[in-house]
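Subject: Structure handover and notes

Dear colleague,

I am passing the structure over to you below, and after it you will find my notes on what was found. Please read them with the coordinates open beside you.

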Amino acid sequence: METKHELEEKTERVTRFLAEENLGGVLLGAQHNFAWLTCGGRSGIDLSREPGAGALLVRADGRRFVLANNIETQRLREEELPGGAWEMIEYDWTEEKANPSLPVERALSLLKDGAALGSDLPVGGGARVVEGAFARLRYQLTDSEIERLRELGRDAGQSVGAFARGLEPGLTEREVARRASDAVASVGAHSVVTLVAADERLKRFRHPVPTELRWENVLMIVVCARRGGLIVSLTRIVTAGSVPDELRRRTLGAARVNAELYDATRPGVAGRELFDVAVRAYAAEGFSGEEKLHHQGGATGYRTRDWVAHPRSEDTAQTRQAFAWNPSITGTKVEETCLAFDDHVEVITASPDWPSITVEVGERGYVLPDVLPL
């Protein structure tokens with residue numbers, strides 16, 4: 001019942017969008033949009049490609065269609081789109097291979113009076129790419145999406161925290177990454193980003209793709225976990241033995257930057273304003289210029305980042321939107337995922353019993369992850 005209500009709410013958003021854009025329908029082939037509109041359905045077969053197996057079409061009158069070849073239709077109908085809320089348009093896979101424009105042609109044939117077609121992907125055939133504007137429909141989460149995201153955040157925080165506590169020096173970054181992915185998989189999620197940095201690599205690279213380097217003293221693990229299309233991001237750092245004073249000082253600085261971002265994340269605040277908050281916070285902590293070495297994070301949901309705060313960003317925060325801020329100071333990073341509401345944020349990826357840093361901003365206290373000594 002909750003899913004039915006969610007689908008109707010999202011369909012209404014889409015039809016309003018179509019009216020505003022003067023479109024007769026929109027074709028959604030990207031995996032993240034498929035997951036959003038089907039309330040968690042999966043169209044991904046080849047995860048190296050943005051298009052999924054099959055596309056959704058929503059018409060201006062609210063009718064919903066699935067366009068897919070005969071390899072996919074039965075599985076989609078039975079496992080990803082139960083309930084009869086979608087009309088299936090099937091074609092032979094050989095036709096699709098011979099004519100890659102076939103889904104667009106079928107979609108256009110379903111529109112009324114030669115109306116214009118929008119698409120989230122560049123599919124040709126006269127369809128207008130509208131992903132930039134369409135993405136805004138995803139930003140404000142429904143009640144059921146908020147609950148699913150909370151559950152994912154809780155499960156990811158618990159699983160990653162538990163796995164990190166069991167790490168021992170001498171493991172390669174690749175082995176740590178494998179264990180991180182296994183931990184996320186144990187709660188039915190998939191790690192779409194897994195980064196690991198040991199020792200000096202943590203100081204050198206902001207996006208450390210795992211290597212065969214064996215860690216000895218300090219280790220950072222970054223995970224972006226996806227389940228039902230929704231994504232949460234978190235970072236954890238561990239040390240072999242006591243935490244070095246300089247690492248502790250820098251992590252405290254990054255936590256304070258993150259807390260300032262939390263406090264500023266309110267509906268209507270622009271990404272450029274949030275970036276300015278980070279710039280001032282770095283300076284206040286004695287780390288001016290660190291914001292130039294890595295992006296600070298931003299809005300999330302069905303993509304790891306729907307938009308990132310930067311000096312010219314005109315995107316604005318929405319109520320009931322998810323955010324993952326990830327301020328970093330050379331050698332450390334602090335990252336959690338939160339839900340933003342009208343007057344507060346709610347962190348959803350905390351790891352139970354993990355060391356924490358509490359930062360007071362005004363009258364509010366924000367709890368961020370510290371470094372865990374093993």
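For the first point a cut-off is needed: a residue is called buried when its relative accessible area is under 20%, exposed when it is over 50%, and partly exposed in between. Please also keep in mind throughout that this is a predicted model.

With that cut-off, K10 is buried, because its relative accessible area is 0%. The residue sits in helix α1, which covers residues 2-21, and its side chain makes a polar contact of 2.6 Å with the side chain of E6. Leaving aside residues up to four places away in sequence, K10 touches W36, L37, C39, T142, E145 and Y302.

Another open sheet has 5 strands in the order β11-β10-β12-β15-β16, with antiparallel pairing. Here β11 (307-308) and β16 (345-347) stand at the edges, and because each has a single partner strand, one side of each is left without a neighbour in the sheet. Strands β10 (residues 297-300) and β12 (residues 321-325) run antiparallel and are joined by 4 bridges; G297 stands opposite W325 in β12, while the bridge partner of G298 in β12 is A324. On the β11 side, β10 is joined to β11 by 2 bridges, again in an antiparallel arrangement, with A299 standing opposite W307. These two strands, β10 and β11, form a hairpin with 6 residues between them, and G301 in the turn has a positive phi of about 155°.

Which strands does helix α11 lie across? Helix α11 (residues 245-264) lies across β12, β15 (336-340) and β16, and runs at about 160° to β12. The helix has 20 residues and reaches 29 Å from its first C-alpha to its last, which is close to the 28 Å expected at 1.5 Å a residue. Its buried residues include L247, T251, A255, V257, N258, L261 and Y262.

I turn now to charged pairs. Side chains of opposite charge can pair when their charged atoms come close. The structure holds 38 salt bridges, and a few of them are set out here with the accessibility of both partners.

In one of them, the side chains of R64 and E8 meet at 3.4 Å, N to O. This pair links distant parts of the chain, with R64 in strand β3 and E8 in helix α1, 56 residues apart. R64 counts as buried because its relative accessibility is 11%, whereas E8, with a relative accessible area of 39%, is partly exposed.

A salt bridge also joins R75 to E80, where the closest N and O atoms are 3.2 Å apart. R75 counts as partly exposed at 23% relative accessibility, whereas E80 is buried, with a relative accessible area of 7%.

For K333 and E335, which form a salt bridge as well, the closest N and O atoms are 3.4 Å apart. K333 is buried because its relative accessible area is 8%, and E335 is buried too, with a relative accessible area of 2%.

Finally, a network of salt bridges links E168, E175, R178, R179 and D182.

Terms used. Residues numbered from 1 in each chain as written. Predicted model: local features only at pLDDT ≥ 70, side-chain atom pairs only at ≥ 80, totals over all residues. Heavy atoms only, no water. Buried < 20%, exposed > 50% of the residue type's maximum accessible area, 1.4 Å probe, protein only. Polar contact = N/O pair within 3.5 Å; in protein donor to acceptor, adjacent residues only side chain to side chain. Contact = heavy atoms within 4.5 Å. Pairing = 2+ DSSP bridges. Axes fitted to C-alpha atoms, helices over the stretch in contact; angles between N-to-C directions. Expected span 1.5 Å × (residues − 1). Salt bridge = Lys/Arg side-chain N within 4 Å of Asp/Glu carboxyl O.
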